[in-house]
Amino acid sequence: MNILHIDSSASESAVSHTRRLSSELVERLKTANPGATIVYRDLVANQLPHVDMTIRHAWTAENTGDTKLAETMSRSKALVDELKAADVVVVGSPMYNFTVPSTLKAWVDHVAIAGQTFSYTAEGPRGLLSGKVYLVLSSGGIYSERPFAAYDHLSTYLEAIFNFLGILDVEVIRAEGIAYGPEQDQAAMASAAQRIAAIVA
């Protein structure tokens, strides 16, 4: 099993809910699958540049002689190759202003490449990837149910992206309401940890 572990929380590991939970999930997956390889990408410690039109041109053969485009191409290809090689993807992401951190959005923009991770066909777009994705998410409020479910552009966005790329097996693990006080924070983390244990078991 090849596991791609992605963290995007701006908080340090000691205090980040998603960093702690995603790490726990990866460790349990590794224990359950001896010999598993793990590729770890910290999108905060090693931030990707926000993309511009160079990434579109970088993947065209006629631009391979341009130094800047070659650098963009090399970066994007490395990220695409990591994703293609993964059997399991674990994404740790807090909710920032109802959606993903910009660091994670930048990663998506580097890997959602037509002809590489999806293609356009006469019948419409078709994802080229397969595998399993675990989304380990946290939020200060509770957005998985009414009245604020319509504000959730975190889980809905990430599920849509991975489905679009062909990965239909997406599991969501949430730690919600962590800003509602210490008791709710602890309860949310305990609930997420129990779900992780049950999933791996």
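I noted that the model is predicted: local features need pLDDT of at least 70, side-chain atom pairs count only at pLDDT 80 or more, and totals for chains, interfaces and linings use all residues. Residues are numbered from 1 along each chain as its sequence is written, and side-chain values use heavy atoms, with hydrogens and water left out.

I then recorded that S4 (residues 118–121) and S5 (residues 124–127) pair in the antiparallel sense over four bridges; strands pair if DSSP finds at least two bridges between them. The two strands form a hairpin with two residues between them. Helices (H or I, at least four residues) and strands (E, at least two) are DSSP runs, numbered from the N terminus.

**Helices H1 and H6.** I checked H1 (residues 17–32) against H6 (residues 182–200): their axes come within 10 Å and cross at roughly 20°. Axes are lines fitted to C-alpha atoms, for helices over the stretch in contact, with angles from 0 to 180 degrees between N-to-C directions. H1 and H6 are therefore roughly parallel to each other, a term for angles under 35 degrees.

I listed the residues in contact (heavy atoms within 4.5 Å). Among them, His17, Arg20 and Leu21 belong to H1, and Asp185, Met189 and Ala192 to H6.

**Alanine 160.** I located alanine 160 in helix H5 (residues 155–164). Alanine 160 is partly exposed, with a relative accessible area of 45%; the term covers values between buried (under 20%) and exposed (over 50%), using a 1.4 Å probe and protein chains only. I also noted that the C-alpha atoms of alanine 160 and proline 147 are separated by 22 Å, the residues being 13 apart along the chain.

Notes:
Angles under 35 degrees count as roughly parallel, over 145 as roughly antiparallel, 65 to 115 as roughly perpendicular and the rest as oblique.
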